[in-house]
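Let's walk through this one together, a feature at a time. Have the sequence and the 3D view ready.

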Amino acid sequence: MIPKMLATEASDFLNISLPAIHKQLKSKNLFFSKSKNKVFFDHESAKKIFNLTFKPTCWSWLNLKGGVGKTNLSFATAIRLSLFGAKVLVIDLDQQANFTQACRISSENKPILIDILRNKYEINQCICYVIPGLDIMPSRIDNAVLDNM
């Protein structure tokens with residue numbers, strides 16, 4: 001998974017011309033790629049183009065019913081924020097670990113939130129790199145006991 005932002009999206013967001021985005025990419029020597037006359041760039045280039053400051057924020061998606069789009073919405077939001085240059089940490093608390101699986105992380109031998117609460121690990125030991133700008137604290141079925149805490 002290598003998410004990319006279209007240069008046209010950046011020009012719309014910044015309210016500047018597409019050639020101005022192209023000029024920034026070239027003059028700042030930023031990574032970009034072309035495909036079928038479209039220009040794309042990644043998280044690292046986005047940080048330098050947008051130069052946005054992000055205030056630490058916590059969002060959560062919660063619904064007891066399954067199949068309502070919690071994972072899809074949170075995944076799309078996390079990826080999109082990273083493409084605007086934000087550093088995102090997702091804490092997957094779902095015992096089914098759908099977000100963890102979507103990130104192609106195998107959590108079988110990785111520490112998770114319940115391990116932190118049992119004082120077996122520190123938080124930084126549980127964080128896994130996914131892509132530039134996106135990290136995850138994975139989950140697995142063992143987090144089911146969180147419902148009883």
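Q: Where is the place of Tyr-121?
A: Keep in mind that this is a predicted model. Tyr-121 sits in the loop between α6 (113-117) and β5.

Q: And is Tyr-121 buried, exposed or partly exposed?
A: Buried means under 20% relative accessible area and exposed means over 50%, with partly exposed in between. Tyr-121 has a relative accessible area of 37%, so it is partly exposed.

Q: Which residues does Tyr-121 touch, leaving out those up to four places away in sequence?
A: Its partners are Pro-111, Asp-115, Ile-116 and Cys-126. Take Pro-111: it is 10 residues from Tyr-121 along the chain, and their C-alpha atoms are separated by 7.0 Å.

Q: On to the sheet. In what order do the three strands come?
A: Strands of a sheet pair through backbone hydrogen bonds, either parallel or antiparallel. Here the order is β4-β6-β5, in an open sheet with mixed pairing. β4 (88-91) and β5 (128-131) each have a single partner strand, so one side of each lacks a neighbour in the sheet. On average, neighbouring strands are turned by 30° against each other, direction ignored.

Q: How many bridges join β5 and β6?
A: Three, and β5 pairs with β6 (residues 134-137) in the antiparallel sense. In one of these strands, β6, Asp-135 is the bridge partner of Tyr-129.

Q: Which helix lies across β4, β5 and β6?
A: That's α4 (residues 70-83), running at about 165° to β4.

Q: Which residues form the nonpolar patch on the surface?
A: Leu-89, Ile-91, Leu-93, Ile-123 and Ile-127, with about 420 Å² of accessible area together. Leu-89 belongs to strand β4 and, at 41% relative accessibility, counts as partly exposed.

Terms used
Residues numbered from 1 in each chain as written. Predicted model: local features only at pLDDT ≥ 70, side-chain atom pairs only at ≥ 80, totals over all residues. Heavy atoms only, no water. Pairing = 2+ DSSP bridges. Helix = DSSP H or I, 4+ residues; strand = E, 2+ residues; numbered from the N terminus. Axes fitted to C-alpha atoms, helices over the stretch in contact; angles between N-to-C directions. Contact = heavy atoms within 4.5 Å. Patch = residues over 30% accessible without salt bridge, like charges linked within 9 Å, V, L, I, M, F, W, Y side chains within 5 Å. Areas by Shrake-Rupley, 256 points an atom, 1.4 Å probe, with all protein chains shown as cover. Salt bridge = Lys/Arg side-chain N within 4 Å of Asp/Glu carboxyl O. Buried < 20%, exposed > 50% of the residue type's maximum accessible area, 1.4 Å probe, protein only.
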